[in-house]
Amino acid sequence: MIDERLAELGIRLPAVFPPAGNYLPCVIDGEIVHVGGHGPVDGERVIRGKVGRDLTLDEGREAARLSALSALATLRAELGSLDRITRILRVFGMVNVAPGFNQTPAVMDGCSDVLVEIFGDAGRHTRCAVGLAELPVDIAVEIEMTIRIAPA
């Protein structure tokens, strides 16, 4: 069902990006899945730079959207199907910002909007959006998610 929704929306999930260190991409604990940090990576394309200096607000929103899609690709690989997702509970968004840039919630709407497009009301979530001076390898956005899944 979710794969059909992705096709209707013209959304293609990127290839799964392996962890960049000694950690798991996600941890399943009963019906809760904690998804570790995912950045805006789609194959060879990586959105890098500081929003408000190197990137516009719209480019930051695209980075947040791509980060969400990267996390969903990991979830599909781990769960076998995105249809097991019953609710996106929480998103923690970190935005690589230039000094003085204070529109991190608007950047993170790129992530939130695509989750609601895909999952409808089950995609509505709580969220934190913070601006940071640096992110790993200068990526523009990094997100973490907590979701609830149906039992296998």
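In the predicted model, Glu 142 is placed in strand E7, which spans residues 141–149. When neighbours within four places in sequence are set aside, the residues in contact with Glu 142 are Gly 37, His 38, Phe 92, Gly 93, Met 94, Leu 135 and Pro 136.

The loop between strand E6 (126–132) and E7 contains Val 137, and Asp 138 is found in that loop between E6 and E7 as well. Most residues other than glycine have a negative phi. Against this background, Val 137 shows a positive phi near 45 degrees although it is a residue other than glycine, and Asp 138, likewise not a glycine, has a positive phi of about 65 degrees. The two residues are also described by their accessibility: Val 137 has a relative accessible area of 63% and is therefore exposed, the cut-off being over 50%, whereas Asp 138, with a relative accessible area of 29%, is partly exposed.

The packing of the helices was examined next. The axes of helix H2 (residues 57–79) and H3 come within 7 Å and cross at roughly 45 degrees, and H2 and H3 are therefore oblique to each other. The crossing of H2 and H3 is right-handed. On the side of H2 the contact is made by Leu 57, Gly 60, Arg 61, Ala 64, Arg 65, Ala 68, Leu 69 and Leu 72, while the residues contributed by H3 include Ala 106, Val 107, Met 108, Asp 109, Gly 110 and Cys 111, together with others such as Ile 118 and Phe 119. Helix H1 (residues 2–9) also packs against H3, with an angle of about 120 degrees and with the axes 9 Å apart, an arrangement that makes H1 oblique to H3. In this second pairing, Ile 2, Arg 5, Leu 6 and Leu 9 in H1 meet Glu 117, Ile 118 and Phe 119 in H3.

Ser 70, which is placed in helix H2, is buried with a relative accessible area of 1%; residues up to four places away in sequence not being counted, Ser 70 touches Pro 14, His 38, Gly 39 and Val 41. Val 116 has its place in helix H3, which covers residues 104–119, and is partly exposed, with a relative accessible area of 21%. Beyond the residues up to four places away in sequence, Val 116 touches Gly 123 and Arg 124, and the C-alpha atoms of Val 116 and Ile 88, which are 28 residues apart along the chain, are separated by 9.2 Å.

Side chains of opposite charge can pair when their charged atoms come close. The structure holds 10 salt bridges. One of these is formed by Arg 12 and Asp 42, whose closest N and O atoms are 3.2 Å apart; Arg 12 lies in the loop between H1 and strand E1 (26–29) and Asp 42 in strand E3 (residues 41–42), so that the pair ties together parts that are 30 residues apart in sequence. Arg 12 counts as exposed, at 56% relative accessibility. A salt bridge is also formed between the side chains of Arg 45 and Glu 62, at 3.7 Å from N to O, and this pair links distant parts of the chain, with Arg 45 in strand E4 (residues 45–46) and Glu 62 in helix H2, 17 residues apart. Arg 45 counts as partly exposed at 40% relative accessibility, and Glu 62 counts as partly exposed at 28%.

A further salt bridge is formed by Asp 109 and Arg 127, with the closest N and O atoms 3.0 Å apart. Here too the pair links distant parts of the chain, as Asp 109 is in helix H3 and Arg 127 in strand E6, 18 residues apart. Asp 109 is partly exposed, with a relative accessible area of 27%, and Arg 127 counts as partly exposed at 30% relative accessibility. Salt bridges that share partners join Arg 61, Asp 109, Asp 113 and Arg 127 into one network; of these residues, Arg 61 on H2 and Asp 109 and Asp 113 on H3 also take part in the contact between the two helices.

How values were computed: Residues numbered from 1 in each chain as written. Predicted model: local features only at pLDDT ≥ 70, side-chain atom pairs only at ≥ 80, totals over all residues. Heavy atoms only, no water. Helix = DSSP H or I, 4+ residues; strand = E, 2+ residues; numbered from the N terminus. Contact = heavy atoms within 4.5 Å. Buried < 20%, exposed > 50% of the residue type's maximum accessible area, 1.4 Å probe, protein only. Axes fitted to C-alpha atoms, helices over the stretch in contact; angles between N-to-C directions. Parallel < 35°, antiparallel > 145°, perpendicular 65-115°, else oblique. Left-handed = near helix turned anticlockwise from the far one by under 90°. Salt bridge = Lys/Arg side-chain N within 4 Å of Asp/Glu carboxyl O.
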